[in-house]
Amino acid sequence: MVKNSFISVISQEEKEEKRGSVEFQVFIFTNKIRRLTSHLELHKKDYLSQRGLRKILGKRQRLLSYLLKKNRIRYKELISQLDIRESKTR
């Protein structure tokens, strides 16, 4: 899975230093999204988890749009590392 390879890229010391970085937060949200998605495949009527998934998706989307505005190169690298789609621009 992609998250295991990305975890190995970030060493333990870097994790502790960079917990507030946008990239790390997006990484954590992506792991939560993948976990909730697999949960919802089994429990289709778990509406509370669906709501939580939508909230996390919104948070990740806001962080990604912030990163896109601030640093397009870091945004492109993060998108390719996490293997997620690029956001639609309005």
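Guide: Start with a rule for angles between helices. Angles under 35 degrees count as roughly parallel, over 145 as roughly antiparallel, 65 to 115 as roughly perpendicular and the rest as oblique. Keep in mind that this model is predicted.

Visitor: What describes two packed helices?

Guide: Two packed helices are described by the angle between their axes and the distance between those axes. Now take the case here. Helix 4 (residues 47–70) and helix 5 (residues 72–82) pack at an angle of about 135 degrees. Their axes lie 6 Å apart. Helix 4 and helix 5 are therefore oblique to each other.

Visitor: Which residues of helix 4 meet helix 5?

Guide: From helix 4 come Leu64, Leu67, Leu68 and Lys70. They meet Arg72, Arg74, Tyr75, Leu78 and Ile79 in helix 5. Sorted by type, the residues of this contact are six nonpolar, three charged and no polar.

Visitor: How many helices and strands does the chain have?

Guide: Five helices and zero strands. Along the sequence the pattern reads α-α-α-α-α.

Visitor: How far does helix 3 reach from its first C-alpha to its last?

Guide: Helix 3 covers residues 22–42, which is 21 residues. Its reach is 31 Å, close to the 30 Å expected at 1.5 Å a residue.

Visitor: Which residues of helix 3 are buried?

Guide: Buried means under 20% relative accessible area. In helix 3 the buried residues include Phe24, Phe27, Phe29 and Ile33. Glu23, Thr30 and Asn31 are also among them. Across the 90 residues of the chain, 30% count as buried.

Visitor: What is the accessible surface of the chain?

Guide: About 6900 Å², with 51% belonging to carbon and sulfur atoms.

Key. Residues numbered from 1 in each chain as written. Predicted model: local features only at pLDDT ≥ 70, side-chain atom pairs only at ≥ 80, totals over all residues. Heavy atoms only, no water. Helix = DSSP H or I, 4+ residues; strand = E, 2+ residues; numbered from the N terminus. Buried < 20%, exposed > 50% of the residue type's maximum accessible area, 1.4 Å probe, protein only. Areas by Shrake-Rupley, 256 points an atom, 1.4 Å probe, with all protein chains shown as cover. Axes fitted to C-alpha atoms, helices over the stretch in contact; angles between N-to-C directions. Contact = heavy atoms within 4.5 Å. Nonpolar A, V, L, I, M, F, W, Y, C, P; charged D, E, K, R; others polar. Expected span 1.5 Å × (residues − 1).
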